Every structure is written in structure tokens, then in C-alpha cells.
Amino acid sequence: MRIVDLLCRESIQLNASPKSKAEAVDLLVALQVKGGNIADPDEYKKGILAREEQGSTAVGEGIAIPHAKSAAVKAPSLAAITVPDGVDYEALDDEPSNLLFMIAAPAGGGDVHLEVLSRLMTILMDEDFRANLLAAKDKEEFLKVIDDMEREKYPDEPAAPVGTADGKIRVLAVTACPTGIAHTYMAAEALEKAGKKLGITIKVETNGSGGAKNVLTQKEIEACDGIIVAADKTVEMSRFDGKKVIKTKVSDGIKIPEELIHKIETGDAPVYHHSGAKADTASSDNESFGRRMYKHLMNGVSNMLPFTVAGGIFIAIAFLIDTIAGAPQDGNFGSHIAAAAFFKKMGDFTFSFMVPVLAGYIAMSIADRPGFLVGLVGGYLASAGSTFANVGGDIPSGFLGALLAGFAGGFLMLGIERLCDNMPKALNGIKPVLIYPLAGLGIISVIMCAVNPFMGMINTGLSNFLSGMGDSSKIVLGCILGGMMSIDMGGPFNKAAYVFGTAAIASGSYDIMAAVMIGGMVPPIAIALSTTFFKNCWTEEERKNGLVNYIMGLSFITEGAIPYAASDPLRVIPACATGAAAAGGLSMAFNCTLMAPHGGIFVFAVVGNWAMYLVSLAIGSAVGMLLLTLLKKKKKGKAA
């Protein structure tokens, strides 16, 4: 929790002159009230005085930090005063205090006051920092001194901007992509850079794979000019009701950040009204039906990925242990050694959640929380293969059945909610906990038991088709999938190939995922190689940033190639796609396999025929590099 985010201009007074400790407390409490986060000033002051009775909060070196945790506090906040002549605050060193910070923490806020206290003490131990605070000519400079110190002490922490002269952040943004790995943070960085260039303060919330970071507060939302939501998956939109909101693709946050900010500032953004009927997927109002379906699908895929990745790696480790131990590759392979059996069982358990979670989150994207139960159960029925009266035995419809369950469950719940709109208001309380679950569960159970045999036959037919493909056909398939991973580098083609690869893992076709991952690794590596060995084809900035693409490519983050593709798509995309297609085809030709759907070079130890997989990656990257060099024109100077 950053100190600068808890301070506002109204809660700061420079060059104050309290004559006593009691006057200093009164002044700081009044500043806290001005900051707008104190519901009952008298109650809050009681908490401050109660803490002072236990011992003075003046710690010496001119510093005093009175603090209280109270039910009178609405939100964590700080107040600060500088006292050039000092005030007797009963410090341990008997010296007057000239820097005073007062912490307000809500009663239910955990140990937030201790976190803030610890952070304040850490930065206030710097003598130069204290001197700079006392020398600040105005409140903006005071805030900037704190902000600069926090950035220096905590460089890896996402930082909200200090704000404009009126203490207000003008533009807010939320970025989110299906996997939450690359596009999310690239869009955030692009928006922050654009805001700095335009002289407009902006704060960006990132909904990445590790959860939401730099979360927008309700106070910031109420005060801002508007919000940019650059997302390809579900984000919480109800908080933006009544504000000007631009809803767009996450790629637009990367490609046209200045245009998006300009629309907010010129008032071109529409006012958003939350219907309350379902979760908003950040779709623009005029988006096509196909685009909306894609976002629902990607919401399911993004939530399924942790189960797929973790489960796949555990299973792969089990196979690796048995291989090292020389266990026979029979029907029990992966469970012969005790350690292998542990990893195999945990991986299988995790994998068993994959299909239900996919369906559950697709349905939730469509119909909010009421859809989750219906989708989850529908996905489980798809994986279990339940049919009416067990006709024909259990016939799992797998990945395809889960897709049907997710979409059917979501739209089913929207229909049930609409039918229940005319019910008496007295029943509103039991709708979400009784009527919706019972009706949805009953109908989705009938649907899945009826369609499982047909979806199961399609699923089985597809698996048999993939298993029966000849070598030449598999090589062609590998080329197609590898090329798709590079055509739009994180877009619909890329995600379609990736989803196909993860579905193949679920059905036991591990060679497809190997071709998919290697196809996604080639573009950044090809660009990195070209910027290293053929420098005259790239600008100075492109050469400098090229080194990062070695890491991104080896980590299977295709999006590292996006800035290069965006600046010269007619040359970069064909070259990278050709190299990726070559790598995917070679991976298939060498019968390489992969059970972990992510990780890049970090999971090469569990790749089947890993040596030839490395060869395929090297050849594909070299092909991409050479084509880039042939197509690109020589450049000099810095990038525009």
C-alpha cells in the first residue's frame, strides 16, 4: 500500500504552527476529516488519544506518527503536517517533532495501520528524504518527494500516479487478456506511456494471471473523467455505472492508447449503464455476435489454464521419473515408482477439473454467478459421459461437450432469469439460492444426458482421426498450427490454435501441443536473432528492445513480437509465420510430444524427443530470422 496513494492535498498542511501536542492532534484530525475518510471525527480522535495514553507515538529524529484503528474510519488514509519550529510531542529523545503523519485505519482493515507505519518508518529513516519533505514549497512537491522515494525503495511495485494539481487522476483504465500474461501488461504500459506523453494522469488496473493489481478505488472512479476498459475477458463493470467508459479490445490498448485517452478527454466516450442482469464482458455495444462468443470462450480458457498447465506438468514429471528409473512403458507407465505415482495422481486429479472449469466460467461470463453452477455441472457431465438410463454406457463428450455445456448453460440461465422477472418481489431473496440453481441444474442435466452420446461420437471420431493421421498429414497439421500461432500473435487465430492444442492434451494427443507451443516461441526469437545479427535492418530502439525477446520467446510469450509486427506487419508477420510453420511441421516430423501446455524452455525436460524439439526450434527461428532480414529495409537512427 503506497504512502502517496493514501495522501491527498486536502489532508496535508505545510508550515503549521501548533503550540502543543493537543493542538497538533486536533489539526491532524481536522485534516483527516477534510480528506473525506472519517465518518465520526470525535470517535476517531478518541482512538488516537487512547493510543497516545499507551505511550507517545513520537519516535525521535523529529518524527511523530499518531495512528488509530477505528470504526469511524471509512477507508485507509493519511494526514501530514510539517512544523518548521517543531512541537513538543513527548518524543523519546526529548526533541521537538517537525514531521507528523497521522494514520487512519478502518476497524475491519486487518493490520493496515501496521503496514503503513512500517513503510513510513522505513522511508523516514533517510535523513535527506526528511530534509526534502521539510523544504517542500507546496503540496505537489511534498507528494512528489514521497512518490520519488517510494519508487526508489520499491521499484517493482505498481505505482498509481500522484494526480493533477487538483489531486485528481483524470483517466482510469483496466487491461485484461485471456491468459493474463503478456497483452495485459503491454496494454497497461502503453496506456501509461501515452498518458505521460499527453500530460494526462492515468492509473491502470491489470487483471493478470496473478489477480488484479493496482486496483481502482471507488473514490478514484467517482472523481475521474472516464475509464478505458481494454479487455478480452470478463471484468467487473458494475462499479463504472454512470461514468464515461470506452470498452474495447486489449490490443487497442497496445496499438492506439493515445486515441483512447483522447476520446475520454474530449467527451466522446458514452456513459455506461450497468444492467445488473449479468456480468459485463467489456464488449462494446456494437460488437458482433461472434466477437462476444469469442470473449465468453476466452474467459473459460483463461480460468482453465492453471489446471491444464499445473496438471500437465505434474503428469509429465511422473513420466520423467519413471523414464529415469527405467520403468517399462506399459499401461501403468507414470505410476511404477512411488514418487511418479504421486505426481501422476495429483496431475490426474487436477486435469479432472479442467473441463468442468472451462464450462463453468464460459457460463459465468454469459450469465454471471447464476451461470457458474449450471456450466460447472454441465462440464462435469460432459467429462463423466452421463446419458439417459446409462444407454450405451458412459460416453464422455469431453472438451467439445464442455463448450456446449458452457454456452448452453449461460444462455439457459439468462432465459430463466428473464422468466422469473415477473415473479412477486417477495421471492427475490430466494431466486439466486433456490429457484435459479434448481431450474438450471434440472434443465442442463437433461440437455447433457441427451447430447452426450452424439457429442461423444464426434469427440471420439476426432480423436481417432488425429490418431490415424499419416506422417505427411501430421506434418501439414503441424505447419498450419505453428503458422496460426504467429499470424496474429495472441489474437483469435493464435488462441484458436492454442485451444485446439489444450483440447488435444485432454484427449491424449500430445504431439499437437508440442507443435503449437514451438510455433508460438519462434516469432520473438526470430526477431531477437535478427536484431542481434542484422542490426542495420532495425532502428536503435528496436535493437535495444530485441534482447528482451530472447526471454519472451524462450518463455513461450508470443506477444513479445507484437510491437515489431505492429510497426511493419507486411514484412514481420509473413516472415515469423513461415518460421513458426516450419518449426511446427518439424516438431510433428520428429514425433515430439508435450503434456504441459505452457512454460517454454522451462518444460523442455518433459518434452518427448527434446533434442529434436530444440533442433526444430532453432531451424524455425533461423528461417524466420533470414526472411526478416531479406524483407526488411535497412534503417538508421532511432525509432519514431
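**Labels and the values behind them**

Mentor: Just after helix H21, Asn591 takes a positive phi of about 55 degrees. Keep in mind that this is a predicted model.

Trainee: What makes H21 close to its expected span?

Mentor: H21 covers residues 569-589, which is 21 residues, and reaches 29 Å from its first C-alpha to its last, close to the 30 Å expected at 1.5 Å a residue. Its buried residues include Val572, Cys576, Gly579, Ala583 and Met588.

Trainee: Which other residue has a positive phi although it is not a glycine, and where is it found?

Mentor: Asn609 has a positive phi of about 60 degrees although it is not a glycine. Asn609 is found in the loop between H21 and helix H22 (610-631).

Trainee: Why is Asn609 called partly exposed?

Mentor: Buried means under 20% relative accessible area and exposed means over 50%, with partly exposed in between. Asn609 has 36% relative accessibility, so it counts as partly exposed.

Trainee: What is there to say about helix H12?

Mentor: H12 (residues 338-367) has 30 residues and reaches 44 Å from its first C-alpha to its last, close to the 44 Å expected. H12 also bends by about 30 degrees at Pro356.

Trainee: Why is Asn549 called buried?

Mentor: The cut-off for buried is under 20%, and Asn549 has 2% relative accessibility, so Asn549 counts as buried. Asn549 lies in helix H19. Leaving aside neighbours within four places in sequence, Asn549 is in contact with Pro524, Ile525, Ile527, Ala528, Gly560, Ala561 and Tyr564.

Trainee: What makes strand E10 mostly covered?

Mentor: Six of the six residues in E10 (residues 226-231) are buried. Gly226, Ile228 and Ala230 are buried on one side, and Ile227, Val229 and Ala231 on the other, which leaves both faces of E10 covered.

Trainee: How do you know that E10 pairs with strands E7 and E11?

Mentor: Two strands pair if there are at least two bridges between them. Strand E7 (residues 171-176) is joined to E10 by six bridges, and the two run parallel. E10 and strand E11 (residues 245-248) have four bridges, also in the parallel sense. The rule asks for at least two, so both cases qualify as pairs. As examples, Thr175 stands opposite Ala230 in E10, and Ile228 has Ile246 in E11 as its bridge partner.

Trainee: How many aromatic pairs does the structure hold?

Mentor: The structure holds seven aromatic pairs. One of them is Phe101 and Phe142, which are 6.3 Å apart centre to centre, with 25 degrees between the planes.

Trainee: What makes the pair of Tyr498 and Phe556 tilted?

Mentor: The planes of Tyr498 and Phe556 are 40 degrees apart, and the centres 6.1 Å. Stacked needs under 30 degrees and edge-to-face needs over 60, so an angle in between is tilted. Tyr498 is in helix H17 (residues 492-506) and Phe556 in the loop between H19 and helix H20 (562-567), 58 residues apart. Tyr498 and Phe556 are both buried.

Trainee: Which residues form an aromatic cluster?

Mentor: Phe314, Phe342 and Phe343 form one aromatic cluster.

Trainee: And what does the protein chain hold as a whole?

Mentor: The protein chain has 22 helices and 11 strands, and buried residues make up 51% of its 640 residues.

Conventions
Residues numbered from 1 in each chain as written. Predicted model: local features only at pLDDT ≥ 70, side-chain atom pairs only at ≥ 80, totals over all residues. Heavy atoms only, no water. Expected span 1.5 Å × (residues − 1). Bend = angle between axes of the 7 residues up to and from the residue. Buried < 20%, exposed > 50% of the residue type's maximum accessible area, 1.4 Å probe, protein only. Phe/Tyr/Trp six-rings, centres within 6.5 Å; stacked < 30°, edge-to-face > 60°. Contact = heavy atoms within 4.5 Å.
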